[in-house]
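Here are some notes to read alongside the model. Keep the structure open and find each element as we come to it.

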Amino acid sequence: MKQSGSVKWKSPSNIALVKYWGKYGKQLPRNPSISFTLDAAHTITSVDYIYDPETVGPLLNFTFEGKSKPEFKKKILAFLVDIAGEVPVLKHMQLTIDSWNSFPHSSGIASSASSMSAIAMCLVDIERQINKGSDIDLYKASHLARLGSGSASRSVFPKMSIWGEMEKYKSSNKFAIPYHAKIDPIFQTFHDDILIVSKTEKAVSSRAGHALMENNPYAAARFQQAHDNIENLITAMTAGDLDTFGQIVEQEALTLHALMMASSPPYILLEPATLTLISKIQNFRKEQNVPVYFTLDAGPNIHMLYPHSAVAAVSVLLDEIKSYCVDGLIISDRVGNGPDKMEG
Ligand code: PMV
């Protein structure tokens, strides 16, 4: 029977504390990862759908912030076709999608985690409406988001997620699982100020970077290290141990970039300002005895991590480092509660 409707979801980005780097098969990770779900950096996606058993779909109209974006549309359509086996209603669907990011598109912030998880939430919601189901299946949303962008699988749960197989946590390579119940409260309201060092597109994409792990001579040791680091990080975060948290998280950030530097061909995504900011954060921590740490994504921007109790102290550091950020751009983010359904 023909059915139509609209859904709208807001979904956040996330920042990996232990990084996913290297994949195989269909977006399956070579090692497990664990992340903070963010809040301020998010995507809002609205989908108007017409489901008609006579339609041969999926058919797509796509706009980004109200404007046509053929390169994004192509990517989303390929994703919808790819997952139609898992969401069969898509084969008879006409979709009109608009997507909006809370952060500037050209800010150097990867939007794939928030955008792919927002679409995944919309699709799971639409499937539920058509099949007259009751609850949103977050695991299915995570699974679909992963097929769009691996790290997006971790954006659908509140506060923290683990993605990638670890027997101890009964986690999976196919979807992420929530993980925050035993974590000390100090980490559940953590801040992440994103210091924008460069707005230009990365010289080497994440897709190419993952592929280069296949012949990286340090790959096997790295995959084992990620397992150990998750284990040790969870122990530290359960105990409220900020020092160990900081040490593991900074090691992870630097290891990610060391792996890029050790790839064939080797490459560097860090900028001079990245190194300046890292040393300013580390010196401030030592001199002022303030628990403030950094992590990095696959790019030059810095995620500055600190507990809520350090907000006043860190504001002094923020004043000092703002001038190293492009146009003084700093996105003040913090641990968030995952996707939200929106009205209208
Ligand atoms: O989700 P992808 O394929 O863009 O990979 C992102 C990988 C990192 O952001 C570098 C690390 C991570 O775990 O998010």
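1. How many of the residues of helix α3 (residues 138-148) are buried? Eight of the eleven are, and the helix is described as mostly covered. Please keep in mind throughout that you are looking at a predicted model. The buried residues of α3 are K140, A141, S142, H143, L144, A145, R146 and L147. Try to find what they pack against: β3 (28-29), α1, α2, β8 and β9.

2. Two of those partners, α1 and α2, also pack on each other. Helix α1 (residues 70-83) and helix α2 (residues 112-130) meet at an angle of about 45°, and their axes are 12 Å apart. On the α1 side the contact uses I76, F79, L80 and I83, while α2 brings M116, I119 and L123. Sorted by type, the residues of this contact are seven nonpolar, no polar and no charged. If you wonder about the spacing along a helix, an α-helix has 3.6 residues a turn, so residues three or four places apart point the same way.

3. Stay with α2 for a moment and look for C122, which is found in this helix. Is C122 buried or exposed? With 0% relative accessibility, C122 counts as buried, because the cut-off for that word is under 20%. Setting aside neighbours within four places in sequence, C122 is in contact with V7, W9, T45 and V47.

4. Which strands does β8 pair with? Strand β4 (residues 33-51) is joined to β8 by four bridges and runs antiparallel to it, with S35 standing opposite S161. Strand β9 (residues 176-178) pairs with β8 over three bridges, also in the antiparallel sense, and there W163 stands opposite A176.

5. Four strands form an open sheet in the order β11-β12-β10-β13, with antiparallel pairing. β11 (293-296) and β13 (330-334) are at the edges with a single partner strand each, so one side of each has no neighbour in the sheet. From one strand to the next, the twist averages 25°. Strand β10 (residues 191-195) is joined to β13 by five bridges, and I194 has I331 as its bridge partner in β13. Helix α8 (residues 272-288) packs on this sheet, touching β10, β11 and β12, and its direction makes about 155° with that of β11. Helix α7 lies across β11 and β12 (302-306), running at about 30° to β11.

6. α7 has a helix partner too. Helix α6 (residues 219-239) and helix α7 (residues 242-261) pack at an angle of about 160°, with axes 9 Å apart. That is over 145 degrees, so α6 and α7 count as roughly antiparallel. Their crossing is left-handed. Among the residues that meet are L233, A236 and M237 in α6 and F245, I248 and V249 in α7. The residues of this contact divide into eight nonpolar, six polar and two charged.

7. Finally, some backbone details in the loops are worth a look. A cis peptide bond joins G57 and P58, with omega of about 0°; P58 is in the loop between β4 and β5 (59-64). Another cis peptide bond joins S264 and P265, and P265 lies in the loop between α7 and α8. Two residues other than glycine have a positive phi: Q27, near 60°, and D327, near 55°. Q27 lies between β2 (23-24) and β3 and is buried, with a relative accessible area of 13%. D327, in the loop between α9 (311-321) and β13, is exposed, with a relative accessible area of 68%.

Note on methods:
Residues are numbered from 1 along each chain as its sequence is written. This is a predicted model: local features need pLDDT of at least 70, side-chain atom pairs count only at pLDDT 80 or more; totals for chains, interfaces and linings use all residues. Side-chain values use heavy atoms; hydrogens and water are left out. Axes are lines fitted to C-alpha atoms, for helices over the stretch in contact, and angles run from 0 to 180 degrees between N-to-C directions. Helices (H or I, at least four residues) and strands (E, at least two) are DSSP runs, numbered from the N terminus. Angles under 35 degrees count as roughly parallel, over 145 as roughly antiparallel, 65 to 115 as roughly perpendicular and the rest as oblique. A crossing is left-handed if the near helix is turned anticlockwise from the far one by less than a right angle, and right-handed if clockwise. Contact means heavy atoms within 4.5 Å. Ala, Val, Leu, Ile, Met, Phe, Trp, Tyr, Cys and Pro count as nonpolar, Asp, Glu, Lys and Arg as charged, and the others, Gly among them, as polar. Two strands pair if DSSP finds at least two bridges between them. Buried means under 20% relative accessible area, exposed over 50%, partly exposed in between (1.4 Å probe, protein chains only).
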